[in-house]
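Here is a short briefing on one protein model. Look over the sequence and the 3D view first, then work through the points below.

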Amino acid sequence: MSILQPKLTSLEYSSTLYRHILACISQLAEVDGATMSNYLDDLFPFLIKRISDPKEREPSLKAMYCLVRHTGYVVKPYQQYPELLDTLLNIIATENSVPVRKDCMNCWASSGLARTLR
């Protein structure tokens with residue numbers, strides 16, 4: 001992560017590089033979610049900002065989903081980042097791409113809020 005994180009926040013990156021870095025982060029979360037949980041405070045604000053950009057939305061949502069799923073980071077994202085719920089619901093309501101809406105719904109459901117709203 002010490003190598004990936006500076007590249008992720010760099011202003012000079014291509015969308016292909018961005019997708020690959022997020023794919024690596026997703027794989028790291030799958031392999032060792034406990035270690036990746038140490039980086040959530042740095043990654044989540046970045047990912048929340050990126051899901052607002054339609055060009056970066058899909059890979060950001062996939063990475064967020066993997067991080068939540070494999071680190072057990074549930075309900076806390078909505079407490080720490082209150083704008084996240086509005087952002088996700090807005091994407092679900094307005095996004096034209098079905099795969100992106102599906103990724104967004106997966107992210108929303110896996111982070112535990114869907115269960116608390118029942």
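A residue counts as buried when its relative accessible area is under 20%. The model shown here is predicted.

- C107 has 2% relative accessibility, so C107 counts as buried.
- C66 is also below the cut-off: its relative accessibility is 16%, so C66 counts as buried.
- A disulfide is a covalent bond between the sulfur atoms of two cysteines.
- How many disulfides does the count come to? The count is zero.
- For a disulfide, the two sulfur atoms must be within 2.5 Å.
- The cysteine sulfur closest to that of C66 belongs to C107, and it is 9.6 Å away, so the pair is too far apart for a bond.
- For C107, the closest cysteine sulfur is in C104, at 6.7 Å, which is too far for a bond because the cut-off is 2.5 Å.

**Helix 2 and helix 4: a crossing pair**

- Helix 2 covers residues 15-31, and helix 4 covers residues 40-51.
- Their axes come within 14 Å and cross at roughly 140°.
- Helix 2 is therefore oblique to helix 4. Angles over 145 degrees would count as roughly antiparallel.
- Left-handed or right-handed? The crossing of helix 2 and helix 4 is left-handed.
- Which residues make the contact? Helix 2 supplies Y18, L22 and I25. Helix 4 supplies L43, F46, L47 and R50.
- Sorted by class, the contact of helix 2 with helix 4 has six nonpolar residues and one charged residue. No polar residue takes part.

- Helix 8 runs over residues 98-110, and D103 sits in it.
- Is D103 buried or exposed? With 13% relative accessibility, D103 counts as buried.
- D103 touches E58, L61 and K62, leaving aside residues up to four places away in sequence.
- A109 lies in helix 8 too.
- A109 has 31% relative accessibility, so A109 counts as partly exposed.
- Now find A109 and Y65 in the 3D view. They are 44 residues apart along the chain, and their C-alpha atoms are separated by 9.3 Å.

Technical notes. Residues are numbered from 1 along each chain as its sequence is written. This is a predicted model: local features need pLDDT of at least 70, side-chain atom pairs count only at pLDDT 80 or more; totals for chains, interfaces and linings use all residues. Side-chain values use heavy atoms; hydrogens and water are left out. Axes are lines fitted to C-alpha atoms, for helices over the stretch in contact, and angles run from 0 to 180 degrees between N-to-C directions. Helices (H or I, at least four residues) and strands (E, at least two) are DSSP runs, numbered from the N terminus. Angles under 35 degrees count as roughly parallel, over 145 as roughly antiparallel, 65 to 115 as roughly perpendicular and the rest as oblique. A crossing is left-handed if the near helix is turned anticlockwise from the far one by less than a right angle, and right-handed if clockwise. Contact means heavy atoms within 4.5 Å. Ala, Val, Leu, Ile, Met, Phe, Trp, Tyr, Cys and Pro count as nonpolar, Asp, Glu, Lys and Arg as charged, and the others, Gly among them, as polar. Buried means under 20% relative accessible area, exposed over 50%, partly exposed in between (1.4 Å probe, protein chains only).
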